[in-house]
Amino acid sequence: MDLLPATGAWREGDPPGRRQWAAGGQLRLDAGGSLPEYRIAYETWGTLSSDGSNAVLIEHALTGDSHAAGEAGPGHPTPGWWDGLIGPGRALDTDELFVVVPNVLGGCQGSTGPSSPDPDGRTWGSRFPRITIRDQVRAEAVVADELGVERWAAVLGGSMGGMRALEWAATFPSRVAALLVLAAPAASSADQIAWAAPQLHAITSDPGWRGGDYHDAPPGEGPHRGLGVARRIAHVTYRSSLELDQRFGRSPQGDEDPFDDGRYAVESYLDHHAGKLVRRFDAASYVWLTRSMNTHDVGRDRGGVGAALAGVTARSVIAGVDSDRLYPMRQAHELAAGIPGAGEAAEITSPYGHDSFLIEVAQVSALVKALLH
């Protein structure tokens, strides 16, 4: 399938949509060196109380962004990814809460990343520094500071967003009152790093990658095919084998004949998701963020995972998905066992695999309500 080429990155001059920005100065990085300056794009819903006590921070997953609620439109390539949770009368009731969703450092929807200009105006590209989940969280602190939020009423997220939520509670324990981690580990496992490896190779082996310096290349010459392959691999890990079998079986796609170079229906499904991502996301951001997930380890330089989790003071709810083959339930149990007062890990029951934290709105809403009330 020929994918539509695009960098997928938000650029200066694009419609801002609901985005606002917070600017940070020099950020020292875990891998050494520093980012001389940066900015974080974010969106908000609701009204901040006079004492700042009703602010809730939501952290998005790998290819998410700050647009967690609302329709697609100018400035926003997709509808809100957690729209069913955010709004008046919903689990995150914006009549009572002030909801803040930042775009991650290293991303491509308004925050500083590989597709952004450096201080001299040149695209960062391959020169963008290596960043970790912890670096991303330290960068997001400028959003809280700019808004005047000394302590989040809650920080929550799933997958990569769950990693960042956990890091918030470990890095800034006095600034997090409550914590919800969905389908995320204390540290990325060998299995998770292994699944990421072919995705990274697919992108960096694409001739259009150009060592990461393709952003100023003519249209159509970026690593869009490699990004599409990476998305196909990833999407298989996001869904369960049971769902794919029940939904597609061995059916061909329409009148295509698999015995004559035609596709099976499940192949068409993966092609569709690959094409969608290529049109809205930057390949370099995918690489840098995937690498940051690989290095995720809440116990690094803290005496190990056990010591780091023991230092979490937030009221915590930890949950996994029973059909998740990427971040299995055992990792949720390990997290819950290590965080004081977290109790037993909750289990989201769903056939949809890892993506259930985005799909099972009713079950996630119940967990949010339990956390907040």
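## A charge over a ring

The charged end of Arg-291 sits over the ring of Trp-288, 5.4 Å from its centre. A charge sits over a ring if NZ of Lys or CZ of Arg is within 6 Å of the ring centre and within 35 degrees of the ring normal.

This is a predicted model: local features need pLDDT of at least 70, side-chain atom pairs count only at pLDDT 80 or more, and totals for chains, interfaces and linings use all residues. Residues are numbered from 1 along each chain as its sequence is written, and side-chain values use heavy atoms, with hydrogens and water left out.

## The chain overall

The chain has 11 helices and 10 strands. These are DSSP runs numbered from the N terminus: helices are H or I with at least four residues, strands are E with at least two. Along the principal axes, the C-alpha atoms fill a box of roughly 65 × 50 × 40 Å.

For 373 residues, a compact globule would have a radius of gyration near 21 Å; the chain has 20 Å, which agrees. The radius is taken over C-alpha atoms, and the globule rule is 2.2 Å times the number of residues to the power 0.38. Of the 373 residues, 57% count as buried. Buried means under 20% relative accessible area, exposed over 50%, and partly exposed in between (1.4 Å probe, protein chains only). Among contacts (heavy atoms within 4.5 Å) between residues at least 6 apart in sequence, 72% join residues at least 24 apart.

## Helix H7

Helix H7 covers residues 283-294. Its 12 residues should span 16 Å at 1.5 Å a residue, and its end C-alpha atoms are 17 Å apart, which agrees. The expected span is 1.5 Å times one less than the number of residues.

H7 is mostly covered, with 11 of its 12 residues buried. Among them are Tyr-286, Trp-288 and Met-293. The cover includes H1, helix H2 (160-171), helix H3 (190-204), helix H4 (224-238) and helix H6 (265-280).

## Aromatic pairs

The whole structure holds eight aromatic pairs. Rings of Phe, Tyr and Trp (its six-membered ring) pair if their centres lie within 6.5 Å; planes under 30 degrees apart count as stacked, over 60 as edge-to-face and the rest as tilted. The rings of Trp-10 and Trp-21 have centres 5.2 Å apart and planes at 45 degrees, so the pair is tilted. Trp-10 lies in the segment before strand E1 (20-24) and Trp-21 in strand E1, so the pair ties together parts 11 residues apart in sequence. Trp-10 is buried at 11% relative accessibility. Trp-21 is partly exposed at 25%.

Phe-281 and Tyr-286 form an edge-to-face pair, 6.5 Å centre to centre with 85 degrees between the planes. Both Phe-281 and Tyr-286 are buried. Trp-152, Trp-168 and Phe-172 form one aromatic cluster.

## Two buried loop residues

Asn-103 is in the loop between strand E6 (98-102) and helix H1 (133-147). At 1% relative accessibility, Asn-103 counts as buried. Its side chain makes a polar contact of 3.4 Å with that of His-60. A polar contact is a pair of N or O atoms within 3.5 Å; within protein, one must be able to donate a hydrogen and the other to accept it, and residues adjacent in sequence count only if both atoms are side-chain atoms. Beyond four places in sequence, Asn-103 touches residues including Ile-40, Asp-65 and Cys-108.

His-296 is in the loop between H7 and helix H8 (305-310). His-296 is buried at 2% relative accessibility. Leaving aside neighbours within four places in sequence, its contacts include Ile-133, Met-163, Leu-166 and Pro-185.
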